[in-house]
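Open the model in your viewer and keep the selection panel at hand. The stops below say what to select next and what is there.

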Amino acid sequence: MVKGDIDVTNIVPALTKAGFSAAILGAAFSVSAVAQTSQTAPIGSDQPRAPTAAQLECITEPEVVAAQEAWGEGIVKIGNVYSEGGDYRQAAIDHIDEFYAYDESLVLFKPTLASVEQFRPSFDGALSYFVGGNPSYPEDKGFAITPWTSVRWQNAGITNNICNMAVAMGNYYFTPADGGEETKVEYTIGYIRDAAGDLKMAVHKSTIPYSPE
């Protein structure tokens with residue numbers, strides 16, 4: 001063997017479940033991408049770091065269901081603050097901070113009513129979708145300030161085969177404050193844990209169901 005070469009013949013792969021999970025999360029948290037709608041990279045995309053012990057805990061189905069219910073309550077809260085003349089923008093900022101992983105990794109967010117700037121990998125893009133008012137996203141009317149009075153979830157399934165990411169797919173139904181019929185929307189959501197162990201969305205795709213008409 002030539003001096004300087006690496007002898008790999010005696011290297012034996014020995015990844016435990018936790019080690020494998022750490023490798024997956026470490027790779028996920030080190031991903032970076034430039035937002036298509038901004039000159040700045042998504043928040044957290046340039047901050048690779050090893051996962052904490054809390055992030056290596058397996059995500060359970062009841063945790064996902066609880067996170068979904070809390071997200072729906074957060075959307076209703078933003079609308080309530082807006083209707084009462086409060087600081088709904090700050091309410092939306094708090095909502096994104098609580099439920100999305102922008103401070104942990106790249107977030108793949110495809111909102112329901114976005115057709116021009118369809119993908120929102122930046123915090124500002126997500127905030128604009130929920131409350132509008134950003135000239136960089138003129139199509140946004142403010143989804144959360146419609147407002148809505150309730151959000152009902154119907155999971156088609158929740159899977160967590162790799163333990164540290166859970167993926168949920170199904171329909172959620174939004175009831176408008178004006179008393180109209182529910183709006184049915186399809187979703188696919190990928191959950192990871194933040195450094196403290198709380199569930200955050202790293203993937204959120206939301207679409208109107210296909211209509212043959």
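Select helix α3, residues 88-99, and helix α4, residues 123-131. Their axes come within 10 Å and cross at roughly 130°. That angle makes α3 oblique to α4. Look at the handedness too: the crossing of α3 past α4 is right-handed. This is a predicted model.

Now show the side chains in the contact. From α3, pick Tyr-88, Arg-89, Ala-92, Ile-93, His-95, Ile-96 and Asp-97. From α4, pick Phe-123, Ala-126, Leu-127, Phe-130 and Val-131, which the α3 residues meet. Colour the contact of α3 with α4 by residue type: nine are nonpolar, one is polar and two are charged.

Next, the sheet. Select the five strands, which form an open sheet in the order β1-β5-β4-β3-β2, with mixed pairing. Which are the edge strands? They are β1 and β2, each pairing on one side only. Neighbouring strands of this sheet are turned by 30° against each other on average, direction ignored. Strands of a sheet pair through backbone hydrogen bonds, either parallel or antiparallel.

Walk across it from β1. Select β1, residues 108-110, and β5, residues 199-207: this pair is parallel, over three bridges. Zoom to Leu-108, whose bridge partner in β5 is Val-203.

Move on to β4, residues 183-193. Strand β4 pairs with β5 in the antiparallel sense over eight bridges. Then follow the hairpin of β4 and β5, where five residues lie between the strands. Stop at Gly-197 in this hairpin: Gly-197 takes a positive phi near 100°.

How many bridges join them, and in which sense? There are nine, in the antiparallel sense. Tyr-173 marks the spot: the bridge partner of Tyr-173 in β4 is Lys-184.

Last stop: the sulfur atoms. The count comes to one disulfide. Select Cys-58 and Cys-163, which the disulfide joins with an S to S distance of 1.6 Å. The torsion about the S-S bond of Cys-58 and Cys-163 is about -100°, so the disulfide is left-handed. Zoom out to see what the pair links: distant parts of the chain, 105 residues apart. Cys-58 sits in the loop between α1 (17-29) and α2 (61-83). Cys-163 sits in the loop between β2 (148-159) and β3 (166-176).

Definitions and conventions. Residues are numbered from 1 along each chain as its sequence is written. This is a predicted model: local features need pLDDT of at least 70, side-chain atom pairs count only at pLDDT 80 or more; totals for chains, interfaces and linings use all residues. Side-chain values use heavy atoms; hydrogens and water are left out. Axes are lines fitted to C-alpha atoms, for helices over the stretch in contact, and angles run from 0 to 180 degrees between N-to-C directions. Helices (H or I, at least four residues) and strands (E, at least two) are DSSP runs, numbered from the N terminus. Angles under 35 degrees count as roughly parallel, over 145 as roughly antiparallel, 65 to 115 as roughly perpendicular and the rest as oblique. A crossing is left-handed if the near helix is turned anticlockwise from the far one by less than a right angle, and right-handed if clockwise. Contact means heavy atoms within 4.5 Å. Ala, Val, Leu, Ile, Met, Phe, Trp, Tyr, Cys and Pro count as nonpolar, Asp, Glu, Lys and Arg as charged, and the others, Gly among them, as polar. Two strands pair if DSSP finds at least two bridges between them. A disulfide is a pair of cysteine sulfur atoms within 2.5 Å.
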